[in-house]
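Please open the model in a viewer and keep the sequence panel at hand.

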Amino acid sequence: MLMLQNSPFNKPPPSLCGVSLRMWNGITACIHFLNAVTILSLTLNTGQDLIYKITASYADWAPTQDNPNTERTVITGERFSISKKDIQAHELSLAYLIFFFFMLSFLFQAVAGFFPQLYRFDELLSKGQHPLRFIEYSISAPLMLIAIALLCGVFDLYALIGIGVLCSVCQMFGLLAEYLAAIPKVKEKAGDEETALLKRIETQQETIDMYVWIAHIAGWICILGSWVPIFASFLVSNSQSETKAPEFVYAIVISMFIMFNLFGFNQLFELSGFYSHEQAEVTYIMLSLIAKTLLGWMIFANVLAPM
């Protein structure tokens, strides 16, 4: 249960179980670090890794007479024909994707938890803001989603870029919604020192609220859109393959789809006033820890360890 102590003169930082939320960021940062180091150590010691070959398609133009029709011919004209060809563009290590999203969470949450001189976590949270959280999500969440996409058979470079960019943009919309939603609260605390800018904000409050919800809804569209090629590839793979995907793949896809959407519902409840910024922050911290730990170890235990 979230315990908040209030004082009219000196309001202490919010806490959970007697530990400040800033320190909870530090504690979970240490857990992320242990996960990252353990995954890396096991990978290096056992050599258990899965390297995916990422392909990219391109249009091959050739004179029609020099390019006979094949199953890869897309268009045949009087002068030119176009065929689809593939190249190996990159390689991606599944183990290192897991390592990097753990490390990113460690680095960003360590800054929020252990370096108040660099990042004024308590002050920002009192205003309903924590921009560093969404900046970290904009990097780590796409890595998580790309790892899931690889498991579901998405090996196309352009599709993976689209999935990652949509996921990252979703986090930026979340940051924008949080920032805009905090503006009225800043205004309320300004009191007699309210500036001309804040007075104009008061007259435009309905417009600001509209922008908050536009940003939030746009974030939903981006994150759901990033899952479309993952589910499409997963369904096509299961319908065309002689053997269905193992049960752990179903577990990863379904559980991570739910976890990713819970982040959106958390902000929805916060923006709706269903619960406070502090309660939303506790939920963000725990969701991030649970989602990354589940994904990392489900992949390692079911994909990498059996190799």
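A residue is termed buried when its relative accessible area is under 20%, exposed when over 50%, and partly exposed in between, with a 1.4 Å probe and protein chains only. Helices (H or I, at least four residues) and strands (E, at least two) are DSSP runs, numbered from the N terminus. The model is predicted, so local features need pLDDT of at least 70 and side-chain atom pairs count only at pLDDT 80 or more, while totals for chains, interfaces and linings use all residues. Residues are numbered from 1 along each chain as its sequence is written, and side-chain values use heavy atoms, with hydrogens and water left out.

**The whole chain**

Of its 307 residues, 45% count as buried. Contact here means heavy atoms within 4.5 Å; among contacts between residues at least 6 apart in sequence, 77% join residues at least 24 apart.

**Helix α2**

Select residues 94-114, helix α2. Its 21 residues reach 30 Å from the first C-alpha to the last, close to the 30 Å expected at 1.5 Å a residue; the expected span is 1.5 Å times one less than the number of residues. Helix α2 is mostly covered, with 16 of its 21 residues buried.

**Glu136 in helix α4**

Move to Glu136, in helix α4 (residues 131-151). Is Glu136 buried or exposed? Its relative accessible area is 2%, so Glu136 counts as buried. Its side chain makes a polar contact of 3.1 Å with that of Ser105. A polar contact is a pair of N or O atoms within 3.5 Å; within protein, one must be able to donate a hydrogen and the other to accept it, and residues adjacent in sequence count only if both atoms are side-chain atoms. Leaving out residues up to four places away in sequence, Glu136 touches Leu104, Ser105, Phe108 and Lys292.

**Aromatic pairs**

Rings of Phe, Tyr and Trp (its six-membered ring) pair if their centres lie within 6.5 Å; planes under 30 degrees apart count as stacked, over 60 as edge-to-face and the rest as tilted. By this rule there are 22 aromatic pairs. Display Phe134 and Tyr137: their ring centres are 6.0 Å apart and their planes stand at 85 degrees, so the pair is edge-to-face. Both residues lie in helix α4, three residues apart, about one turn of the helix. Phe134 is buried at 4% relative accessible area, as is Tyr137 at 5%.

Tyr137 belongs to helix α4 and Tyr284 to helix α9 (residues 277-304), so the pair ties together parts that are 147 residues apart in sequence.

For a further aromatic cluster, select Trp220, Phe265, Phe269, Phe274 and Tyr275.

**Phe173 in helix α5**

Phe173 is found in helix α5. Its relative accessibility is 26%, so Phe173 counts as partly exposed. Leaving aside neighbours within four places in sequence, Phe173 is in contact with Ala215, Ala218, Gly219 and Cys222. The C-alpha atoms of Phe173 and Cys222 are separated by 9.0 Å, although the two residues are 49 apart along the chain.
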